[in-house]
Each structure stands twice: as C-alpha cells, then as structure tokens.
Amino acid sequence: MTRRTLLSAKGRARLFAIPTDRAEMAGHYVLDAADLVLVRARRRAANRLGFAVQLCLLRHPGTGLGPEERPPAPMLAFVAEQLGVPPGAYAAYAARDQTRRGHAAELQAALRLRSFRLADWRACLRVGAEAAWATDRGEPIVAAMLAHLRSTGVVVPRPAVLERIGLAARARARRLAFARLTEGMGDAERAVLDGMLAPDPALRGRSRLAWLRDAPGAPGPGNILALLDRLEWVRALGVDTGCAGRIHQARLARLVEEGGIATAQHLAGLEPARRAALLVAGVAELRTRLADATLAMYCKYIGSLFTKARNRDDRRFQATRRDVARTLLLFRRTIAALQRAREAGEEGIAAVEREVGMARLEDALPVIDAAAGLAEPEILVTVAERYAVLRRFVPRFLAAFEFRSNTPRDPLLAAIELVKALDRDGTRALPRRPPAAFLPPRWRKLIFAGPTPDRRLYETAVLATLRERLRGAGAWVVGTRDHQAFESYLLPSEAAGTAAPAIGGETDPERYVAARAALLHERLTAVADLAARGALDGVEIEEGELYIARARPAVPDEARLWADRLYGLVPRVRVTEVMADVERATGFAAHFTHLRTGNPPADVPALLAAILADGTNLGLSRMADATRGLTYHRLVNVAQWHINEDNYAAGRAAVVEAQHRHPMAAVWGDGTDASSDGQYFRAGGRAGPAGDVNARYGTDPGVVLYTHHSGRYAPMFSRVIAATAGEAPYVLDGLHPDAHRTSIRIAEHYTDTAGATDHVFGLCHLLGYSFAPRIRDLRERKLYAIGKPGRYPLIEPLLGDPVDTAAIVAGWAELVRVKASIEAGAVAPSVILRRLAAAGAANALSRALRAVGRIERTLFVLRWLSDPALRQRSHAGLNKGEAGNALRRAVFFHRQGEFRDRTFENQSFRASGLSLVTAAIVHWNTVYLGLAVRRLRADGVAVPDEMLAHVAPLGWEHISLTGDYDWAAASPPPGGFRPLRDVHAGFLPRAA
C-alpha cells in the first residue's frame with residue numbers, strides 16, 4: 001500500500017534541501033569568529049570539518065546530521081574552504097558515529113537547542129492545524145511547523161515525521177471545519193440536505209442538486225423565472241448561510257469547489273459529516289450565485305429590450321421612406337407654387353389650390369405626423385409595448401430581493417416598494433403622486449401626460465432605472481457578491497491611508513494639483529512652441545487642426561528573412577512533444593495540485609491531455625478518442641480533481657516565468673512592458689443563446705477573450721468577457737502581481753483605442769503604471785488644461801473645458817482608498833471601473849478619477865506628439881500582443897473555433913487552457929530560436945540582435961496541432977534538446 005504523502009518531491013526540497021548555490025550558502029553557512037573558536041577546539045581536521053558541517057546544518061535547515069548521511073559536495077567544499085582543510089577529510093569523520101553523536105549534543109548545548117519531544121509533536125499538530133484552517137496544501141502547513149520549531153529552538157526532525165504530523169493536522173482542520181459548518185443542525189435539517197441527492201419524480205428523476213446546478217444562461221423571461229424558482233427553493237431550505245462565516249474563506253472556497261465537481265451519487269457515498277458540510281457550503285454558495293445570476297440576467301434582458309426597441313423604431317422609420325419621399329415631393333411642388341405666386345403678385349392659397357390642391361396637402365398630414373413621431377421616438381414608449389412580457393417575471397423578481405441605496409430616502413427604492421405593494425394588493429392603478437424624482441424629465445412628462453399616471457410607462461421606467469443603478473455604484477442588493485455596496489469592495493479609510501497615503505508622490509491634494517498644474521503648463525507651452533516652429537517630428541498643428549503622419553513600418557524586410565531562416569532550423573514537432581518538453585523544463589504540472597490532498601498529479605500525461613483538450617477546444621471525450629493509451633475516465637478524473645482556474649494561473653505563471661528568464665527573451669525587451677487586447681470568438685452549439693451579439697463582430701453571438709501579454713510575447717493573464725462589454729475596465733486586471741503570479745513588474749502598458757478612457761488613465765496613474773495606448777481618433781479628442789485655455793493660443797482649439805481640480809481635492813480620500821484597495825488585492829480594477837463608468841458624472845469618485853485621467857491623458861498625448869520614440873514603442877508593443885491572436889486562433893481550431901460551453905466556468909477553463917498552451921508554444925519557440933541563433937553564430941553567421949528583436953516566438957507552422965495525440969512518443973530527446981534541422985544558409989551574411 002502506498003504511503004500517503006503531504007509534500008511533493010519539489011516541495012520537500014524547497015523546505016528541507018541543503019542549499020548548494022554559492023550565494024545561498026553564503027547567506028547561511030559563513031562561519032564567524034565565535035564559530036571558528038568552537039570549531040578549532042577540535043583536534044583533527046576531520047573532526048573540525050564534521051563539527052562545522054553539523055553546526056551549519058543545525059542553523060539551516062535546522063536538522064541534525066543522521067548516521068551515514070553525507071552533505072552535498074558543494075556545501076562540504078564551501079565549509080572546508082573556510083577551515084582550510086580538504087573536503088575529503090569528511091570521510092574519516094563519517095566513519096565514527098560516536099563522535100558525530102557527541103558533537104551533536106555539544107552543539108545543541110552551545111546553540112541552545114534541544115531535541116524534538118512529544119510535547120513538540122503536540123505543538124506542531126496545533127500549529128499545523130491552524131495553518132491547515134486556510135489550506136489543504138502541504139507546503140504551507142509544514143512551513144508553519146518548521147517556523148514554530150526554529151523559533152522555539154527545537155532541532156527539526158526528519159521530513160517524514162513532520163509530514164505525518166501535517167497529515168494529522170490537516171485531517172483535524174477538516175473535521176473542525178465540517179463541525180463548524182454544520183453546527184446547530186438537527187436530524188431534520190440533515191435529512192432535507194440529503195434529500196437533495198435523491199432522484200425527484202417532479203424533476204423527471206433528476207436530483208434537486210443537479211437541477212440547481214443546471215441553471216439557464218440565456219436572458220429571457222422564462223429563464224429569469226427558472227432562476228427565481230431555484231433561488232426560492234434554496235432559500236426555503238432554511239440553511240443558515242451565516243455558517244459560512246465560521247470557517248476560513250479559503251477553506252470554504254475549497255469545500256465549494258470540491259462539492260461543485262462531485263455528483264449527487266458521489267456525495268451520497270461520503271461519510272455523513274463531510275457530506276453535510278459540503279452540502280451546506282454548496283447551498284450557501286448557490287444562494288449567492290443564483291441571486292447574482294438572476295440579477296445579471298435581469299440587467300441583460302432589460303438592456304436587450306431597449307436595444308430591440310431602438311431597432312424596431314429604426315425599422316418603422318425606414319418603412320415610411322416611400323410615403324415620406326412622396327410627401328417631400330408634394331412640399332416641393334407647394335413651395336414652387338408659392339414662389340411663382342409671389343413673383344406674379346398672386347394670392348398664395350389660390351396658387352396652391354390650383355397647382356397642388358389643399359385636399360392632397362391635408363391627406364399628407366397623417367403621414368407627416370407618423371414620420372415626425374418615428375423620427376424622434378421615445379424609447380420608453382416602445383419598450384413599454386413589451387409590458388405584458390415584463391409582467392411575467394417582475395412581481396416575483398422584485399419580491400425576491402432586498403434593494404438598498406447609497407442615497408438617503410432614495411425615491412427609486414420608494415418606487416420599487418410601491419410596485420411591490422400594488423402587486424401584493426392586486427391594485428391596478430397608481431396613486432396620483434407616485435415617487436418620481438428619479439425619472440428623467442422627458443419620461444416624467446410622458447408618464448403624467450394623462451389624468452392619471454400611466455402604470456405601464458411608470459413601471460417600465462422603474463425597471464430601466466433600477467438596471468442602470470445596479471450596474472453603477474448607486475444601488476446594491478443584500479445577499480449578493482456581484483452587486484454589493486460599493487463600500488464593501490474598499491479597505492476602511494484608516495487602513496487605506498496607512499497602506500497607500502500618496503498619489504503621484506504627494507499626500508496633500510492641494511500640493512498634488514499644484515504640481516500637476518505646473519507640469520501640464522510646462523508641457524503645453526513646450527509643445528505649442530515646437531508646433532509654432534514646425535519642430536514636431538511627424539506632427540503639425542495648423543488652424544486648430546492636428547495632423548499626424550502615418551507611422552513608419554516597425555518591422556524591416558530584412559527581419560522577415562531572418563525569421564524565415566531561424567524557423568527553418570527549428571525542429572518539426574507535434575504539439576504533444578511541445579507540451580511534454582515545456583513541462584519537463586518548467587515543471588508546470590506540479591502546480592495542478594489535487595483539490596483535496598494538495599498533491600501534484602500522478603498521471604502527468606492525462607493532465608497534459610486534459611489541458612490540451614481545453615486549449616485546442618477538442619473536449620475530453622474527443623481527446624480520449626484521439627489519444628493513444630488514455631481513456632475518457634482517466635481524463636475526467638484528472639480534469640475534475642486537478643484542473644481549476646487557480647491551478648491554471650499557477651501553471652501558466654511557471655511557464656511565463658521560465659520564458660522570461662531565458663537569455664533569448666532579452667532581445668525582445670527588458671520585460672517591464674506589457675500590452676492587452678480582446679479577441680472575439682463565436683459562441684456555437686448550446687453556448688450560442690448564452691453569448692452576446694455585438695454588431696462590431698457581426699450578427700452571431702460570441703464572447704471575447706481578453707489577454708495581457710508581456711513585452712517578451714508571453715501571455716501573462718487572460719479572461720473571458722461578454723462580447724458587448726467594453727474592454728476598458730479590464731485593462732488593468734492582468735497587471736497586478738497577484739493576477740499574473742510572476743516576478744514580472746510592469747512599468748509601461750499598451751492598448752488600442754478601446755482601452756483609452758479617462759478613468760483608465762486616472763487609475764493607471766494612481767497605481768504607478770505608465771499608460772501608452774495607441775489612440776486611433778487622437779485628432780478628434782480634446783486635450784485639457786488647468787486654468788484658462790487662452791494661455792496657449794496655437795493649441796487652444798484642441799483644448800476642452802478646464803480640468804475640474806475641485807473634484808480631485810474633494811475626492812482625494814476616496815481616490816486613496818481605491819488605490820490602496822487595488823494594491824492590497826481586495827478588489828479587481830475592473831470592478832471599480834465598471835461601477836464608476838455606469839455611475840456617471842453624478843458620482844463624486846467618478847468625477848475625481850475622470851479629472852485625474854484627463855490630466856494624465858493630456859500629458860500622455862503631449863509626450864506622444866513630441867516623442868517619436870514613444871509612438872514607435874507603443875505601436876510595436878501593441879503589435880506584439882495583437883500578433884498572438886493568430887496563434888490563439890490556430891490552436892483553438894476544433895469545433896470551428898467556437899466556444900460551445902454554456903457556463904462561464906467552462907468557458908474560462910477553455911480560455912485558460914488556450915492561454916497555457918500558447919504560453920508553452922512561446923516558451924518552446926524561445927528555447928529553439930535561441931539554439932538556432934547559437935548554431936548560426938557558431939557557424940560564423942553574423943546574427944544582429946536588432947534583427948532578432950523582430951523575430952517573434954509565435955510561429956506554429958512547424959508544430960503539428962492535429963492528428964493522433966501520442967504522449968508515449970513525446971519522450972525526452974537525447975541530451976535534452978531535439979536536433980535542429982539543417983537548412984542551407986548561404987544567402988545570409990557571414991562574419992568577417
């Protein structure tokens with residue numbers, strides 16, 4: 001029987017291995033004067049060396065030296081060098097175990113250490129259980145026990161001892177979590193939970209659990225009702241969702257994830273305590289998830305009603321074109337008749353009656369009235385035509401949620417309560433003065449046009465306003481995650497002020513505004529002066545118009561020849577060989593730890609196949625059919641227990657980190673810049689109805705994969721967003737170290753026009769990023785000054801209203817809170833930006849961030865106009881990311897390159913798999929391009945680095961992406977690298 005382990009081989013090495021790197025040894029094993037006095041008290045060279053080795057090992061890693069154990073040769077040589085004795089002298093010391101034991105006792109006394117005892121076993125169990133309260137991973141549990149032992153002066157026992165204690169500590173933490181979650185539950189409540197797992201005749205034999213999980217995704221009245229059915233059923237269970245707060249949130253997330261992948265049959269077979277805990281955690285999560293899903297579907301459906309209403313109005317107006325054209329011809333004849341009558345001194349009415357006919361003009365009046373109404377339609381009236389459809393779900397929807405507002409005595413909340421009361425009482429008519437202060441004047445005029453308020457229009461307006469407020473920061477809902485109060489996303493003011501008190505190096509808003517005003521004035525004056533002298537390279541300002549020359553091609557033709565030559569040397573491989581090579585080089589598979597045990601996967605080929613099934617969009621079933629030696633059940637097992645978003649992020653980070661460290665990657669930049677861009681994929685099959693239609697991409701539904709690339713081409717971060725969502729809110733999400741999980745630190749970031757909003761500029765400045773987007777319509781965008789634009793007469797036509805610096809001063813404390821909250825990882829930038837964009841100018845924080853952004857955007861544009869190098873750098877940086885789109889499209893080729901997954905979670909797995917596979921290809925190409933360059937230079941070919949800078953590691957023509965997937969054939973080549981191809985290089989220049 002295989003012994004259970006807590007640590008992987010690499011994890012055990014990280015915690016217990018004796019360092020062999022000289023720099024690391026210098027940090028632990030340099031002997032000071034007092035140490036040398038102790039060592040030199042030994043008589044023979046062998047004893048001095050052995051004594052010193054034991055002294056070093058007791059300090060780090062804290063373990064003693066066991067019988068017949070020999071330290072690594074580099075460590076032995078490092079210590080021997082300090083003593084002036086040969087490393088070979090250690091052999092004589094190792095032969096005398098009695099001497100070793102005597103020295104160990106003497107050293108423990110000198111270092112005030114003691115041996116590991118039963119009391120320490122118990123203390124480690126307690127410390128390990130505390131660490132395991134938040135995680136199942138073995139490494140942090142053992143690390144906590146090691147820290148305790150070292151701080152209390154206890155000699156660290158063998159790793160196997162601490163692993164056994166750690167396993168017991170993890171089991172104790174799990175049992176305690178199970179007990180906390182089910183605390184106070186009686187047999188009746190447990191029976192109700194167990195009933196969720198049994199087949200239900202009302203659901204045609206499906207279990208309630210399966211029904212709850214299979215929630216619809218496409219927006220529509222029927223699906224909103226279906227979500228409400230599930231939400232109300234979960235709430236009726238009566239499970240105390242507050243129990244989720246009794247355990248660590250990381251532990252809760254693990255239980256939710258574990259319960260989420262288990263089938264009803266699997267859960268039914270678990271021990272009662274664990275089964276009850278998983279069901280309680282799942283129910284608590286389902287309540288929140290279903291509430292968020294219902295609100296999200298409501299917002300999407302109401303938005304779609306307004307979009308369809310606009311389209312209907314457009315079609316109706318287009319349908320009147322013929323009648324409008326005839327009426328215009330009639331008007332033309334009437335005007336001509338009146339002109340001739342005036343010239344002849346004739347009465348106009350008589351002339352019109354004779355030449356046109358008043359009856360014909362009167363017949364045209366209905367056409368005129370209809371066309372006028374359609375030319376300026378009131379969207380609320382058109383949407384209210386669907387009022388009967390809205391009434392199918394609105395009463396239950398409003399009754400299901402507890403809406404809150406940041407505005408005291410908010411009239412919108414009063415209006416919602418009024419509609420709820422009318423529905424409860426069965427009353428059809430509105431009171432004469434319903435709450436209306438939240439309504440736009442045009443809507444108010446329509447609603448109150450008659451003797452009594454129009455309920456259809458009023459209720460439609462309430463629903464539309466509620467949608468806008470939910471999308472912004474104005475309204476929130478109790479018991480949700482995605483629609484919490486805006487305050488709940490931010491750190492407390494006191495903590496934020498301590499964590500990040502400064503913006504732009506200033507802690508005082510008045511000094512900050514003064515400093516930015518001075519800098520802005522300096523730059524505006526400088527650019528105006530250069531423009532007046534015609535000294536702006538590629539830029540002219542004439543009569544208030546901005547003219548920018550087209551950017552020169554960034555890639556010289558010679559670089560393309562070098563790319564062809566280098567890729568001609570790169571070996572031809574299967575994608576399975578690429579994945580296997582990169583895994584051996586980076587060890588990324590070890591990051592796909594088991595959901596429960598935290599152990600790395602034992603079946604690495606199955607893991608790689610499951611990742612490739614996501615990345616190529618093949619799916620597990622078809623991957624099993626196309627793979628030799630791997631069954632569907634093996635793939636499903638590894639996918640269920642080892643593949644999740646957290647593991648995908650950690651695995652991708654390992655690959656990206658390794659690619660960045662490779663010497664070849666240095667030719668593509670210093671690694672401090674990044675770019676981000678969205679790529680559209682169609683949604684087909686069952687996912688089609690759940691996708692969004694964006695006219696920019698055609699009439700088919702789809703999703704957008706938004707990816708952040710490092711300046712060295714590696715995909716650092718990716719996520720799926722709706723096709724109709726703006727890209728700007730997501731620009732900053734992948735730049736935080738907690739998001740991409742690597743040591744890369746981004747200083748400058750590039751996007752296209754879609755990301756260049758004032759809010760993004762402002763938030764980039766707050767977080768310390770230099771934002772350099774490529775703005776397509778730059779000449780059409782206003783710049784801004786602090787003060788009177790008249791001070792800059794040449795560029796005054798380019799300037800808009802002065803920056804609202806008062807908004808910055810008034811919102812300073814909130815700007816600091818936002819900055820600190822994002823830097824602490826408490827909230828993603830996209831959450832802040834989406835809320836503020838929807839909140840509009842009425843929100844004080846939105847105004848403050850927009851004012852900061854206008855200053856920073858103006859400063860950037862002024863740099864852009866005066867610095868050709870910045871323009872070239874921004875174009876090249878963005879092109880790197882956009883070039884990766886072709887590689888992703890080539891890899892994601894199965895099922896016509898369409899997302900066929902209905903749920904956001906499965907779509908995210910596909911996107912993460914695609915990101916990891918492309919990262920692996922970039923890494924593999926980087927390694928073999930480096931080998932190709934080395935081969936050419938060894939052959940005397942002069943390969944200039946300035947040409948290599950344009951050879952991207954994004955090629956895939958040499959990689960077979962389809963066919964049978966044979967992991968057994970992806971064995972490591974002799975020597976670790978596959979042989980390069982031998983392609984004639986006579987046309988390339990040789991070194992002199």
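In the predicted model, D454 is partly exposed, with a relative accessible area of 27%. This residue lies in the loop between α24 (441-447) and α25. The side chain of D454 comes to 3.2 Å from the backbone nitrogen of L457. When residues up to four places away in sequence are left aside, D454 touches L430 and I447. D964 is 510 residues from D454 along the chain, and the C-alpha atoms of the two are 66 Å apart.

Helix α25 (residues 455-471) packs with helix α23 (residues 411-425) at an angle of about 130°, the axes being 10 Å apart. Angles over 145 degrees count as roughly antiparallel and those of 65 to 115 as roughly perpendicular; α23 and α25 are therefore oblique to each other. Their crossing is left-handed. On the α23 side, the contact is made by L412, A415, I416, L418, V419, L422 and D423. The α25 side contributes R455, Y458, E459, V462, T465, L466 and R469. By class, nine nonpolar, one polar and four charged residues make up the contact of α23 with α25.

A further site involves R174, which is placed in helix α10 (residues 159-181). R174 has a relative accessible area of 11% and is therefore buried, the cut-off for this class being under 20%. The side chains of R174 and D136 are joined by a polar contact of 3.3 Å. With residues up to four places away in sequence not counted, R174 touches D136, R251, R596 and T597.

Definitions and conventions. Residues are numbered from 1 along each chain as its sequence is written. This is a predicted model: local features need pLDDT of at least 70, side-chain atom pairs count only at pLDDT 80 or more; totals for chains, interfaces and linings use all residues. Side-chain values use heavy atoms; hydrogens and water are left out. Axes are lines fitted to C-alpha atoms, for helices over the stretch in contact, and angles run from 0 to 180 degrees between N-to-C directions. Helices (H or I, at least four residues) and strands (E, at least two) are DSSP runs, numbered from the N terminus. Angles under 35 degrees count as roughly parallel, over 145 as roughly antiparallel, 65 to 115 as roughly perpendicular and the rest as oblique. A crossing is left-handed if the near helix is turned anticlockwise from the far one by less than a right angle, and right-handed if clockwise. Contact means heavy atoms within 4.5 Å. Ala, Val, Leu, Ile, Met, Phe, Trp, Tyr, Cys and Pro count as nonpolar, Asp, Glu, Lys and Arg as charged, and the others, Gly among them, as polar. Buried means under 20% relative accessible area, exposed over 50%, partly exposed in between (1.4 Å probe, protein chains only). A polar contact is a pair of N or O atoms within 3.5 Å; within protein, one must be able to donate a hydrogen and the other to accept it, and residues adjacent in sequence count only if both atoms are side-chain atoms.
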